[in-house]
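Here are my notes on the model you sent over. Have it open while you read.

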Amino acid sequence: MTEATTARLDEWAKKQTAAEDLIPLVGRLYRNNDVLLTLFGRSLQGKSVTGMIKAHRYARHFLGEELDIETTLEVVRALADLDLGPARIDLGRLIVKLNEQSAPTAEFLAAELDSVIGSDSEDGVRDVVLYGFGRIGRLLARILIDRAGGTGMRLRAIVVRKGGENDIVKRASLLRRDSVHGKFDGSIVVDEENSTILANGTLIQVIYSDDPSQVDYTAYGINDAIIVDNTGKWRDEEGLSKHLQSKGASKVLLTAPGKGDIKNIVFGVNDSDITDADTILSAASCTTNAITPVLKALNDRFGVRNGHVETVHSFTNDQNLIDNFHKGSRRGRAAGLNMVLTETGAAKAVAKALPELKGKLSGNAIRVPTPNVSMAILNLNLESATTVDELNAFLRETSMNSPLRNQVDYVASPELVSTDLVGSKRAGVVDGLATIVDEDRVVVYVWYDNEFGYSCQVIRCVAEMADIDTPAFPEVTEAVVETEVEPEVAPV
């Protein structure tokens, strides 16, 4: 074995040791202090040893070099010694700031996090009910169960129509196993007699009802609940207000585009429109959530004259497995065998969250034979000319150091395909290597996990409706810093 090979093996062993020490600290800060640690937007919660090392390798994408995991361990140990309250802390950006200031670690952290040292979580925990338990409902359940460490939201119940014998067992099985997102990480216990599912210590009441106005949530100890309607059956104020007729329900969030005067919220773009007086809101659609943050960033920086949005969207449950009658055009053809040209209202819906783009965008959609992860192709005419390098540098910086960093991600891998984006927590992921620029005409490709990424946006809306304010560090300004960088390929 050569000396160089021995050195590389020793270096890997050091990284493994640091990762093994880091994992329990990350877990304890999350469970005991409600502190979520990320690395340039990637959550470190629940990471394996290898996953932790890969997260630090991914930092090359932003820094040009791998982030030293032993430095991260030193910072996290210092954080664990502080009496922190609820917070989201991006360790990557925090370490960059620490290095710039060249201050002692403990002193720097005490000053940077002063506002949450010694603070506690809010005493009140908001009850959340999932009305409907399909693809989005089950992913929302997974997220809420995972965040049940004092984040101010508590999943109390799911409401469904009874599907027959062994209904609750079958629903628990669908929560436990998922062909796209993998198995549930933890324990699930079903109590058929009491109609409950115990998932990682979260007791979920299963309520059977065909009418959202006839559920007495208070009978199950549920009060002042936010009802998340995942059915899509009611999309206007008249239909959704039925939920508010039930005892114990106080607010409703629709996981589909709302009709009429219902506010369509794309978190990160117009969530400031949410007020305490709002009782019915919509979280818009997965596609609207994917493209609107990117469009806002581009419009703010370059100006968008007009454009066309084409979505290449995974098939959904409203399509047929084999050719059969369907009320919609073309959607009756076999979803697993065909590309299906169909319509999307996402381009026009952008204007509900971003009024300055009203009338500027057209849109269409192609459903394709994949079960998850979609792509939006933004073909735009800008007010000002740019270059590929400038545009990509701006979007990469947006993904790291802007108020939209939790919505917009950026990748530049030559090997990336759709399945690599399963589980992405961002609303949309810009593929930098696909960007096309011809002066003021640009084409930007945006991937999105139309199930999980969207569900993360929904949870952010629920937290806002529950008036849960978790500060993020380091703080960012409204303006995105522009940087001149050479084009690069990020590690796979």
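Predicted model: local features only at pLDDT ≥ 70, side-chain atom pairs only at ≥ 80, totals over all residues.

1. Numbering starts from 1 along each chain as its sequence is written, and side-chain values use heavy atoms, with hydrogens and water left out.

2. Helix 1 covers residues 3–33, and its end C-alpha atoms are 44 Å apart, which agrees with the 45 Å that 31 residues should span at 1.5 Å a residue (1.5 Å times one less than the number of residues; helices are DSSP runs of H or I, at least four residues, and strands are E, at least two, numbered from the N terminus).

3. Which residues of helix 1 are buried? They are Lys15, Ala18, Ala19, Leu22, Leu25, Val26, Leu29, Tyr30 and Asn33 (buried means under 20% relative accessible area, 1.4 Å probe, protein chains only). Their cover includes strand 1 (35–39), helix 2 (49–58), helix 4 (69–80) and helix 7 (135–146).

4. The largest nonpolar core has 77 residues, and Leu298 and Leu395 are among those touching the most other members (a core is buried Ala, Val, Leu, Ile, Met, Phe, Trp, Tyr and Cys joined through side-chain atoms within 4.5 Å). Helix 13 (residues 452–465) gives this core its largest share, 9 residues. A second, separate core of 45 residues includes Leu29, Ala59, Ala78 and Leu98.

5. Leucine 203 sits in strand 8 (residues 202–208).

Note on methods. Buried < 20%, exposed > 50% of the residue type's maximum accessible area, 1.4 Å probe, protein only. Contact = heavy atoms within 4.5 Å.
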